[in-house]
Amino acid sequence: MANPYRGEVDAVLDGRHWTLCLTLGALAELEHAFQCEDMTALVDRFALGKLSASDAIRIIGAGLRGAGHAVDDDAVSRMSADGGAAGFATVVTDLLTATFGASEASDPS
């Protein structure tokens, strides 16, 4: 079960319950993937609210790995989410909100 005080969220992907967390290492991974020079630039990018499916794969993958799951982005790209695309958007929104707070994270849908 996710601990919101640690920035963790729960998600159901492929019918399995997972815990996701954007740890400092996961955030560094995202900085590199999105070519952001620092966390402020990463927050600014997410705050635009324009996230692609590829962005969602990277964010969910980093969150899974941050929580200790050995899942690569290719495996994430083949997963299904409860609620389809809206379900993935909810996972991303919940994860960004848990990590950065409600004022910085924006709805990616």
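Predicted model: local features only at pLDDT ≥ 70, side-chain atom pairs only at ≥ 80, totals over all residues.
Where does glycine 49 lie? Glycine 49 is found in the loop between α2 and α3.

Residues are numbered from 1 along each chain as its sequence is written, and side-chain values use heavy atoms, with hydrogens and water left out.

**View A. Glycine 49 sits in the loop between α2 and α3.** Helices are DSSP runs (H or I, at least four residues), numbered from the N terminus. Glycine 49 has 12% relative accessibility, so glycine 49 counts as buried. Buried means under 20% relative accessible area, exposed means over 50%, and partly exposed lies in between (1.4 Å probe, protein chains only). Glycine 49 and threonine 93 are 44 residues apart in sequence. In space, their C-alpha atoms are 9.5 Å apart.

**View B. Phe34, Phe46 and Phe100 form one aromatic cluster.** The structure holds two aromatic pairs. The rings of phenylalanine 34 and phenylalanine 46 have centres 5.7 Å apart and planes at 90°, so this pair is edge-to-face. Phenylalanine 34 lies in the loop between α1 (24–33) and α2 (39–47), and phenylalanine 46 lies in helix α2, so the pair ties together parts 12 residues apart in sequence. Phenylalanine 34 counts as buried at 9% relative accessibility. Phenylalanine 46 counts as buried at 1%. Phenylalanine 46 also pairs with phenylalanine 100, and this pair is tilted: 6.2 Å centre to centre, 50° between the planes. Phenylalanine 100 belongs to helix α5 (residues 84–100) and phenylalanine 46 to helix α2, so here the parts tied together are 54 residues apart in sequence. Phenylalanine 100 is buried, as is phenylalanine 46. Rings of Phe, Tyr and Trp (its six-membered ring) pair if their centres lie within 6.5 Å; planes under 30 degrees apart count as stacked, over 60 as edge-to-face and the rest as tilted.

**View C. α1 packs against helix α3 (residues 53–66).** The angle is about 155°, and the axes are 9 Å apart. That makes α1 roughly antiparallel to α3. Axes are lines fitted to C-alpha atoms, for helices over the stretch in contact, and angles run from 0 to 180 degrees between N-to-C directions. Angles under 35 degrees count as roughly parallel, over 145 as roughly antiparallel, 65 to 115 as roughly perpendicular and the rest as oblique. From α1, Ala26, Glu29, Leu30 and Ala33 meet Arg58, Ile59, Ala62, Arg65 and Gly66 in α3. Contact means heavy atoms within 4.5 Å.

**View D. α3 also packs against α5.** The angle is about 55°, with axes 10 Å apart. The two helices, α3 and α5, are therefore oblique to each other. On the α3 side, Ala56, Ile59, Ile60 and Gly63 make the contact. On the α5 side are Phe88, Val91, Val92, Leu95 and Leu96.

**View E. Serine 54 lies in helix α3.** Serine 54 is partly exposed, with a relative accessible area of 43%. Serine 54 and alanine 75 are 21 residues apart in sequence and 13 Å apart in space, C-alpha to C-alpha.
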